[in-house]
Amino acid sequence: MSQLGLLTTSLSETSSSPSSSVQLHTIQKSGLLDLKECIISGLLSTPKSMPSLLLWDNQGLRNFDAWTDAPAYYPKRCEWEILKNYRDEIACQIPTKSAIIELGCGNLSKTAWLLEGMARQQRHVLYYALDVSDEALHANLGDLQKQFAKSQHIHISGLKGTYDDCAEWLANSPDLPVSTVTLLWLGNSVANMAQEDASALMMKFEAACAKMGVDCNFLISADGCSTEERILKAYDPLHEPSRKFLFHGLHHANRLLGQEIFKEDEWDAIPSLNQEQNELRFSYAPKKDIRIHLDGLEIEVKRGEPVYYFMSGKWNDLQISAIGRRAGLTTGKVWKDTNNEYGYYLLQSGIKPRASI
């Protein structure tokens, strides 16, 4: 058995779930967000907001998968075009004897495609999917583990915890027999947070890798479309299947609060495209004045008052490069679709800056 295989076996003996073939390591130390409390505090704040995590429970993930299959949803097609054209070239950039940690465990079809390319090149890789949900990890890693069960090069595991838990785990992990840790951030997920927050998170992971004495890379995919009509058609809050995803936050909030406070037909989901920052922001807004009674509090939301809840950045090359640079990372290889709307970016530590991108 390889050194990577020995390490995986050792870790799974101490931390994997005994009830599943999926090797699941619980690294969770930080407490999870109390979404109910976040809903209340967000509605009491100025301006009002609701947590975007309301969109991403298991039902929300199913809604998202259905949405991405819609003809108007261009990002999925663009991303798959890049993977089909450049998979082997992208795989070549992952050093052998690497650890890959995917930030979030949704549909792993793109991940499987990339890992297959690495397996064909006989690159020894420890792959970890990070998520706070046991259910998501077991459900989505099961098929992936079956696909690579006989592989001598790809080892599949799950990490249960938050981003912060993962950074701490890396910084204090056993001596991994790897020279590089690559954080995988696909599906434009990086752009669901503010640019400064993305940089701060990258910096945290880079510091953890530095403590380990290994290089830290990020392989991220990002939507850089600048055509307003195309964007708004893809993110249409009035028609299915995008509407079901975009309004799911209200239904999830009702479930957490134990009562139907937010009636879908009384609210709009309003997109706002900031063309200076290249960011699409969504807010819920009531169609009439609404009074909400929660835990002895009365919260008033005026007709048309925005309650911010979701963002999808459409960041260009310069913005992606700046996000990485603030974290001490340099833009290496970049792969684009034929329309130059979508990109895969390799952000690296320990390399000389490129003259341009």
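How do strand β7 and strand β14 pair, in the parallel or the antiparallel sense, and over how many bridges? Strand β7 (residues 215-223) and strand β14 (residues 342-348) are antiparallel partners, joined over 7 bridges. Strands here are DSSP runs of E with at least two residues, helices are runs of H or I with at least four, and both are numbered from the N terminus. Two strands pair if DSSP finds at least two bridges between them.

A word on the model before we go on. This is a predicted model, in which local features need pLDDT of at least 70 and side-chain atom pairs count only at pLDDT 80 or more, while totals for chains, interfaces and linings use all residues. Residues are numbered from 1 along each chain as its sequence is written, and side-chain values use heavy atoms, with hydrogens and water left out.

**The open sheet**

Strands β7 and β14 belong to an open sheet of 8 strands with mixed pairing, in the order β1-β5-β4-β3-β6-β7-β14-β13. At its edges lie β1 (24-26) and β13 (330-336), each of which pairs on one side only. From one strand to the next, the twist averages 20°. Isoleucine 220 faces tyrosine 345, which sits opposite in β14. Helix α4 (residues 74-92) lies across β7, β13 and β14, and runs at about 50° to β14.

**Two helix pairs**

Two packed helices are described by the angle between their axes and the distance between the axes. Axes are lines fitted to C-alpha atoms, for helices over the stretch in contact, and angles run from 0 to 180 degrees between N-to-C directions.

| Helix pair | Angle | Axes |
|---|---|---|
| α4 and α5 | about 25° | 8 Å apart |
| α8 and α11 | roughly 45° | within 7 Å |

Angles under 35 degrees count as roughly parallel, over 145 as roughly antiparallel, 65 to 115 as roughly perpendicular and the rest as oblique. With α4 and α5 packing at about 25°, α4 is roughly parallel to α5. Helices α8 and α11 are oblique to each other. Contact means heavy atoms within 4.5 Å; among the α8 residues that meet α11 are Met202 and Met203, and the α11 side includes Ala322 and Ile323. In the other pair, Trp80 and Leu83 are among the α4 residues that meet α5, where Trp113 and Leu114 take part.

Glycine 117 has its place in helix α5 (residues 109-120). Its relative accessible area of 0% makes glycine 117 buried (buried means under 20% relative accessible area, exposed over 50%, partly exposed in between, with a 1.4 Å probe and protein chains only). Leaving aside residues up to four places away in sequence, glycine 117 touches Arg87, Asp88 and Ala91.

**Serine 312 and its neighbours**

Serine 312 is part of strand β12 (residues 307-313), and at 2% relative accessibility serine 312 also counts as buried. Its side chain makes polar contacts with the side chains of asparagine 188 (3.4 Å) and tyrosine 235 (3.2 Å). A polar contact is a pair of N or O atoms within 3.5 Å; within protein, one must be able to donate a hydrogen and the other to accept it, and residues adjacent in sequence count only if both atoms are side-chain atoms.

**A hairpin**

Strand β10 (residues 290-294) runs antiparallel to strand β11 (residues 297-301), with 5 bridges joining them. Leucine 294 has leucine 297 of β11 opposite. With 2 residues between the strands, this hairpin has aspartate 295 at a positive phi near 45°. On β10, Ile290, Ile292 and Leu294 form the covered face, while Arg291 and His293 form the uncovered one.
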